[in-house]
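Thanks for coming. I will go through one model this morning, starting at the interface and ending at the ligand.

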Amino acid sequence: MTDHPTRTTALPWPRRHSTPFPQAAKIKLADTQLRRNLRKATTTIRAKRAAVVGELPDWEELREAARATKAATLRELDVHLLRLEESVTAAGGKVHWARDGAEANAMVAAIARGHGVDEVVKIKSLTTDEIDLNVALAEQGITAWETDLAELIVQLGHDESSHILVPAIHKNRSEIQQIFTDSGLDPASDSPADLAGAARRYLRERFLRAKVGVSGANFAIADTGSVVVVESEGNGRMCLTLPEVLVTVMGIEKVLPTWQDLEVFLQVLPRSSTGERMNPYTSIWTGVAAGDGPQEFHLILLDNGRTRALADEIGRQALQCIRCSACLNVCPVYERVGGHAYGSVYPGPIGAIITPLLQGMHGSESLPYASSLCGACYEVCPVKIDIPTVLVHLRDESVQSHTRPTVNDVAFRSLAWIFGDRRRYEKAQQLGKLGTPFGSVFRPWSASRGPLAVAPQSFRAWWQENHR
Amino acid sequence: MSARDDVLSRIRKAVAGAEPAEDVPRDYRASYDVGNVVDHFADMVADYKATVRRVGRVDLAAVVAEEVGGRRVGVPAGLPTEWYAGIDAVVDAPPLSIPELDQLDGAVTGARLGIAETGTIVLDGGGRSGRRAITLVPDWHLCIVEASQVVGSVPQAVMTLEPRVPITFISGPSATSDIELNRVEGVHGPRTLNVLIVDD
Ligand code: SF4
């Protein structure tokens, strides 16, 4: 084992790819291991979530409070961010504003270099994935150690995350053991406990020597300047507590107005996310605390397309998202194709709307079609984002952005129409195979790119099993 | 224009003309009534695979000594000394360095409060809870919660807490489900969490 077994982070591997959803989905559907893992994962989490949500007689009231809090905060986002800046500053932190990922990345790199370090420890964060922070740091000669077990698996395997919450869901234990062994971690066996133990030993020395930690944030409280990180493994606590310097990169939509708001979000997030009454660790810190934890704290407030999404009257509700991943776990399309097919750090139903909203349609035109509009995502969403409505709205935009319908428009609209109805779907499969005119709706892209992006037999089998 | 002004002006432009901010309905339960909150707290903590013991105040020091066994443990300076009278503990004053904490087998602390509905222990970074590193670096954590510190619900806990100190919610030992969704207890932080509830 070399001192820096993951120095290859210096090679920018693609976090996102440009393969449109239909083709990517086809590739992924052929991967039966991925399909088995995803199915097991989504089924397990769905059941756990349903059980703990069912325990709360006031779940709907909590959801409504969560939705209304987020919607009201977004309406006056400028006021709340200014208040947050004031509170964090008063508590001894330093607040920075970044228009885009490049600005935020440069700030993190400058802070790290200012402290003379060539490595930082990092907590899994979708926001830092979104801006490719690790790649940007590597270009400056700074290694970012991912410390979540799953992120470590993804990083050591030079792979991409496929699920918001369990990014290595597409790897089974023997594959993980192989990745670890190849990287010099020396797990005793492929049992989950041994694999976790190997990761503990490997990361521990990095935690104990780290000078700079980097995190995202689940929430930040405008009134008090408190920042909240919700996690399971304890690597978050390590990164937030042991380094001398802490840098938190936070999307501007994560702000909550008051301390009291936590009483809602600390209930809805863990139950929706991992299906637990409460996640193992939640850390809340306010600026700098003398004698406890980092004595230098930087909070970077990141726009990177969020104000673009905010300007979209129908789409802005996507900014309410608290990244719980409940919508992924109930989505029939996601369960079939996995996270990679979405070609974005934000997969699943929320990814299908947030990606084009943040980045603009260019390059993600196909994402709003990655759905059957069945509505399950809306029903589980703890902040009540009406994903189907936003999808339809974005489909309109996608089509309107071309002067005349392209081959893709027609194909995607057909795909959406077919995904939208079980009987239509089954019919299309039968007819598609027989090559009748009805089947030809697939042809515009199936002719050039292969057959329908779904394995017909198993999708139908799945559908009948689960949706009767 | 600075990035700050730029982002703020983009926000203002984006929401110009939108409906005014709505009022937030708070129709959810503020408190949680389960008869005996302490019993419920004990059940919920045990549900996370943490071990839970109920002890009378007079027996506390003896039970702490029994739990600690031969371990070398650290304690916060604010932990009542009579709670650990039966053991030879390393007091975190002056503050132990990270390598020193790493040499310990465990930590014995108090807590700020307990939440019955979720089985959560809340540490507030001071007094008997200790600063955060004490309950993080050693591999074993014995946490002493007084029955009177247990509240029913998350809203009750949030209302009680003082935001300006570092706060840690702990619900069972650290865990991961990242490998084929098998739960593995104890990744980073203490792999074992034992809880003593002191009944008066
Ligand atoms: S859209 Fe809703 S359900 Fe999906 S991740 Fe976001 S908050 Fe969770």
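Which side chain does B:Arg26 meet in a salt bridge? The partner is A:Asp261, at 2.6 Å from N to O; a salt bridge here is a side-chain nitrogen of Lys or Arg within 4 Å of a carboxyl oxygen of Asp or Glu. Between chain A and chain B the count is 11 salt bridges.

Before going on, the conventions. This is a predicted model, where local features need pLDDT of at least 70 and side-chain atom pairs count only at pLDDT 80 or more, while totals for chains, interfaces and linings use all residues. Residues are numbered from 1 along each chain as its sequence is written, chains are lettered from A and ligands numbered from 1 in the order in which they are written, and side-chain values use heavy atoms, with hydrogens and water left out.

On confidence, the predictor gives the complex an ipTM of 0.96 and a pTM of 0.86. Chain B has a mean pLDDT (the predictor's confidence in each residue, from 0 to 100) of 93, with 96% of its residues at 70 or more.

Back to the interface. Chain A puts 92 residues into the contact and chain B 71 residues, contact meaning heavy atoms within 4.5 Å. About 7,100 Å² is buried between the two chains, 58% of it from carbon and sulfur atoms; that is accessible area (1.4 Å probe) lost on being put together, summed over both parts. Of the area that chain A buries against chain B, A:Arg75, A:Arg99 and A:Arg200 supply 11%, more than any other three residues.

Last, the ligand. The residues around the ligand, with a heavy atom within 4 Å, include A:Cys321, A:Cys324, A:Cys327 and A:Cys381.
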